[in-house]
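Dear colleague,

Please open it first and keep it beside you as you read.

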Amino acid sequence: MRYATKKLISMLITLLAVSFLVFLSFDLIAGDPATTILGTQATPARLAELREQMGLNDPFLVRYGRWLIDFLGGDMGESVGYRIPVTEMVADKLPITLTMTILAFMMIGLLAVPVGIYTARHAGRTIDRIMMTVNQIIMAFPPFFTGIIITMI
């Protein structure tokens, strides 16, 4: 029980740190959301008004705290680019994500586990060396590239 509690606390701290770093990255890199929203209609007065409405004039830690509290309450915010709630965007993509996850687990169960067992039973033999070489070649490809290739196939 103590082990599980330690792991859970470690996971929560990691998630908090990652969310903070991602929020900070978007704050530093993404530019001004008010300018993105207003586009060519941006005037200094409208920009100031929209920044005030969105809370962009508040200090970084206040904005992060507000976002974190809203997120923990189930509100992921609104997409600046699409102008729709992020929750809707995630919900729209969830069925295909779950389908792909189930297919991946099926591939693991039907392909990877039997091959692993077979090569383990034939450790040190030619087939084991061939499978290790093939595995190293496959692992050398970046996951996004492998995903594109699998999607094309």
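The second largest pocket has a volume of about 800 Å³, where a pocket is an open set of points on a 1 Å grid over the protein atoms alone, at which a 1.4 Å probe fits and which has protein on both sides within 12 Å along at least five of seven lines, and the volume is the space filled by probe spheres set on those points. Its lining numbers 24 residues, with Met107, Leu111, Ala112, Ile138 and Ile150 nearest the centre; a lining residue has an atom within 4 Å of a point. Two or more of these residues come from each of α5 (86-121), α6 (126-140) and α7 (143-152), and α5 gives the most, with 10. The lining divides into 17 nonpolar, 6 polar and 1 charged.

This is a predicted model, in which local features need pLDDT of at least 70 and side-chain atom pairs count only at pLDDT 80 or more, while totals for chains, interfaces and linings use all residues. Residues are numbered from 1 along each chain as its sequence is written, and side-chain values use heavy atoms, leaving out hydrogens and water.

As for the whole protein, its secondary structure comes to 7 helices and 0 strands, counted as DSSP runs (H or I, at least four residues, for helices; E, at least two, for strands). The radius of gyration, taken over C-alpha atoms, is 23 Å, well over the 15 Å that the globule rule (2.2 Å times the number of residues to the power 0.38) gives for 153 residues, so the protein is more spread out than a compact globule.

Best wishes

Definitions and conventions
Nonpolar A, V, L, I, M, F, W, Y, C, P; charged D, E, K, R; others polar.
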